Amino acid sequence: MSEQLIPKILKSRLLFFWISSFMLASILYYILWLLVPYHHVFGALYRMFLYHHAFPLQYIMIPCFFYGILATLLTNSFRNKNTIRRIFLTIIICVLTTLLSSPFGGMLWHFHDMQAGYFPENWMSILIEKGFLWGIEIGWFIILLSIPYNIICAVGCYFLTKKGVELYSETKIDTMV
């Protein structure tokens, strides 16, 4: 296989996972927004400012970014597994996506909080320090509270990764050379 073809395939696979996961997650969000009481698709803590409700697409984009990277890296592993192991690998992808996304979601939440009030002199260090830590501490819990959105997205991750495997299988890659 040509050396230039490999990065092209990885880029197209990565773009497929990024774009399709973001589109599907956004469509799901707005469908649930219509169905869920008070339009609270995402979970929240008591007395928490609901920036993730005000700017949902920004918060959806973060896990889709990390999912795309993980799904791209694990496509070959996913391809070589049976259904039970694929489900287990999907759970691993979802957990890793949540853990990687939470700190950045916390940073985005703090950025929105600063926009709502004021930017202190050391806003960048506060954003990185507090946002990152708060994301690690409670971001994963907010995702866990976002039922049924998180469950439907996890099932969607399985089928989207499976579709990515079908689209970018080794036989199709070999025919491109």
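User: In which helix do Lys163 and Glu166 both lie?
Analyst: This is a predicted model, in which local features need pLDDT of at least 70 and side-chain atom pairs count only at pLDDT 80 or more, while totals for chains, interfaces and linings use all residues. Residues are numbered from 1 along each chain as its sequence is written, and side-chain values use heavy atoms, with hydrogens and water left out. Helices are DSSP runs of H or I with at least four residues, strands are runs of E with at least two, and both are numbered from the N terminus. Lys163 and Glu166 are three residues apart, about one turn of the helix, and the element that holds both is helix 6 (residues 149–167).

User: What N to O distance belongs to the salt bridge of Lys163 and Glu166?
Analyst: Side chains of opposite charge can pair when their charged atoms come close. A salt bridge here is a side-chain nitrogen of Lys or Arg within 4 Å of a carboxyl oxygen of Asp or Glu, and a search of the whole structure finds one. Its partners are Lys163 and Glu166, and the N to O distance is 4.0 Å.

User: Is Glu166 buried, exposed or partly exposed?
Analyst: Buried means under 20% relative accessible area and exposed means over 50%, with partly exposed in between (1.4 Å probe, protein chains only). Lys163, at 41% relative accessibility, counts as partly exposed. Glu166 has 40% relative accessibility, so this residue counts as partly exposed.

User: How many helices does the protein chain have?
Analyst: Read along the sequence, the chain follows the pattern α-α-α-α-α-α-α. The secondary structure has zero strands, and the number of helices comes to seven.

User: What share of the contacts with a separation of 6 or more joins residues 24 or more positions apart?
Analyst: The C-alpha trace of the chain spans about 55 × 40 × 25 Å along its principal axes, and 40% of the 177 residues count as buried. Contact means heavy atoms within 4.5 Å. Among the contacts with a separation of 6 or more, residues 24 or more positions apart account for 77%.

User: Which residues are in contact with Pro103, leaving aside its neighbours within four places in sequence?
Analyst: Pro103 has its place in helix 4 (residues 83–116), and it is buried because its relative accessible area is 5%. The C-alpha atoms of Pro103 and Gly135 are separated by 4.0 Å, although the two residues are 32 apart along the chain. Beyond the sequence neighbours, the contacts of Pro103 are Gly131, Phe132, Gly135 and Ile136.

User: Which residues are in contact with Ser146, leaving aside its neighbours within four places in sequence?
Analyst: Ser146 sits in the loop between helix 5 (123–145) and helix 6, and it is buried because its relative accessible area is 4%. Its C-alpha atom is separated by 4.5 Å from that of Phe42, a residue 104 places away along the chain. With sequence neighbours set aside, the contacts of Ser146 are Val41, Phe42 and Gly43.
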